[in-house]
Amino acid sequence: MKKTRNKKEKSLKTDAQVTIVLTSKEIQEFQLLIMDWYSDHAREGLPWRATDRTAYQVLISEVMLQQTQVDRTIPFFRKWIKRFPDFQSLSSAPQRDLLGYWKGLGYNSRALRLKKLAQRVIDEYAGVLPKRYDTLCSLPGIGPYTAGAVRAFAFGEATPIIETNIRRVCIHHFEKELELYDFSDKAILSIVQQLIPEQSNISIADWYWALMDYGSQLPKELGHNPNKKSKSYTRQKKFQGSDRQVRGTILEILLTSPSGGVVYESLFEEVRDQIIKKAPGDPLTRSRFEKIHSDLDMEGFIVNENISGQVHVGLR
């Protein structure tokens, strides 16, 4: 029996066939809608939007915001900038200090990559963050979005970017056009490119901030999240009992331990006991702990030292 495809499946186009073209009228009306909304609802008090912001501050904020909500990021950002105000201070900072100031933000590898990035900027670019998109993308921890965001917010350079709020706005307002491409990011990017204002009275920084602020409130306004239609949409895995929680617990214990570190067996028992309290239904096995410990070692977080026949674990 011949298998038939439904209409949606049959009509979908591939990313290679993206041919979305918006009219000048559509673009102008959308820009007016967004900027009118932004003039009344722009988020205030975000330190990385200050008029005297530096490229370094923009970079730090973008890396922090990769996996952390805005309101939680603000106090961490302020403390970080006070302690590590530039690439030089960041590149020379002890790793223990970095992790201490990052503690609570999660995804601690971001802090280590920032240190490596700072060293590259010092060594290769005389302490000045480069502007070129491809050069930024070559630095540790910098992907397409972060490179484009830094160019927009630090240098006023227009590069098409997508993040969760911009994606949400495009899906909501251009659903009909994007549905043909199964809401792929490549299709969304083609729309973002066309929407970039050419008017001199709208800066690229204000434009992207307006889109992000507008997109952040859409789920509450609509009663649903348009991003669930996106090919890139994934639900975040629960934190309780996860490997991320175990990793964070290990680093938290080591941060408060003497410089000599903690005996491996004692560390396992303490981490296991804390995880039992935090996630009773997901006990930590020895084999799982060994795997996470090994990963932290390979990633450069920890160091193991044999002292009097016992393995001591400390921060690198």
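This report covers helix packing, salt bridges, a strand hairpin and selected residues in a predicted model.

## Helix 4 against helix 6

Helix 4 spans residues 70–83 and helix 6 spans residues 95–102. Their axes come within 9 Å and cross at roughly 155°. Helix 4 is therefore roughly antiparallel to helix 6, because angles over 145 degrees count as such.

On the helix 4 side, the contact is made by Phe76, Lys79, Trp80 and Arg83. Helix 6 contributes Asp97, Leu98, Tyr101 and Trp102. Of the residues in this contact, five are nonpolar and three are charged, with no polar ones.

## Salt bridges

The structure holds 16 salt bridges. In general, side chains of opposite charge can pair when their charged atoms come close. Aspartate 213 belongs to helix 13 (residues 204–222), while arginine 49 sits in the loop between helix 2 (24–41) and helix 3 (55–65). The pair links distant parts of the chain, 164 residues apart. Aspartate 213 and arginine 49 are both buried.

A second bridge joins lysine 229 to glutamate 175, with the closest N and O atoms 2.5 Å apart. Lysine 229 lies in the loop between helix 13 and helix 14 (243–255), and glutamate 175 lies in helix 11 (residues 175–179), so this bridge ties together parts that are 54 residues apart in sequence. Lysine 229 has a relative accessible area of 36% and is therefore partly exposed. Glutamate 175 also counts as partly exposed, at 33% relative accessibility.

Glutamate 265, at 32% relative accessibility, counts as partly exposed. Arginine 286 is partly exposed as well, with a relative accessible area of 36%.

## Hairpin of strands 2 and 3

Strand 2 (residues 302–307) and strand 3 (residues 310–315) run antiparallel and are joined by six bridges. Within this pairing, asparagine 306 has valine 311 in strand 3 as its bridge partner. The two strands form a hairpin with two residues between them.

Serine 308 is in the turn of this hairpin, that is, in the loop between strand 2 and strand 3. Its phi is near 55°, a positive value in a residue other than glycine. With 78% relative accessibility, serine 308 counts as exposed, because the cut-off for exposed is over 50%.

Most residues other than glycine have a negative phi. Tyrosine 107 has a positive phi, near 50°. The residue lies in the loop between helix 6 and helix 7 (109–125). Tyrosine 107 counts as partly exposed, at 29% relative accessibility.

## Buried residues of helix 12

Helix 12 covers residues 185–195, and its buried residues are Ala187, Ile188, Ser190, Ile191, Val192 and Leu195. The buried residues of this helix pack against four helices: helix 2, helix 10 (164–173), helix 11 and helix 13. Helix 11 also holds glutamate 175 of the bridge to lysine 229, and helix 13 holds aspartate 213 of the bridge to arginine 49.

Serine 190 is found in helix 12. At 18% relative accessibility it counts as buried, because buried means under 20% relative accessible area. Not counting residues up to four places away in sequence, serine 190 touches Val18 and Ile20.

## Threonine 135 in helix 8

Threonine 135 is placed in helix 8 (residues 133–137). Its relative accessible area is 15%, so threonine 135 is buried. Leaving aside neighbours within four places in sequence, threonine 135 is in contact with Tyr125 and Pro130.

Methods. Residues are numbered from 1 along each chain as its sequence is written. This is a predicted model: local features need pLDDT of at least 70, side-chain atom pairs count only at pLDDT 80 or more; totals for chains, interfaces and linings use all residues. Side-chain values use heavy atoms; hydrogens and water are left out. Axes are lines fitted to C-alpha atoms, for helices over the stretch in contact, and angles run from 0 to 180 degrees between N-to-C directions. Angles under 35 degrees count as roughly parallel, over 145 as roughly antiparallel, 65 to 115 as roughly perpendicular and the rest as oblique. Contact means heavy atoms within 4.5 Å. Ala, Val, Leu, Ile, Met, Phe, Trp, Tyr, Cys and Pro count as nonpolar, Asp, Glu, Lys and Arg as charged, and the others, Gly among them, as polar. A salt bridge is a side-chain nitrogen of Lys or Arg within 4 Å of a carboxyl oxygen of Asp or Glu. Buried means under 20% relative accessible area, exposed over 50%, partly exposed in between (1.4 Å probe, protein chains only). Two strands pair if DSSP finds at least two bridges between them.
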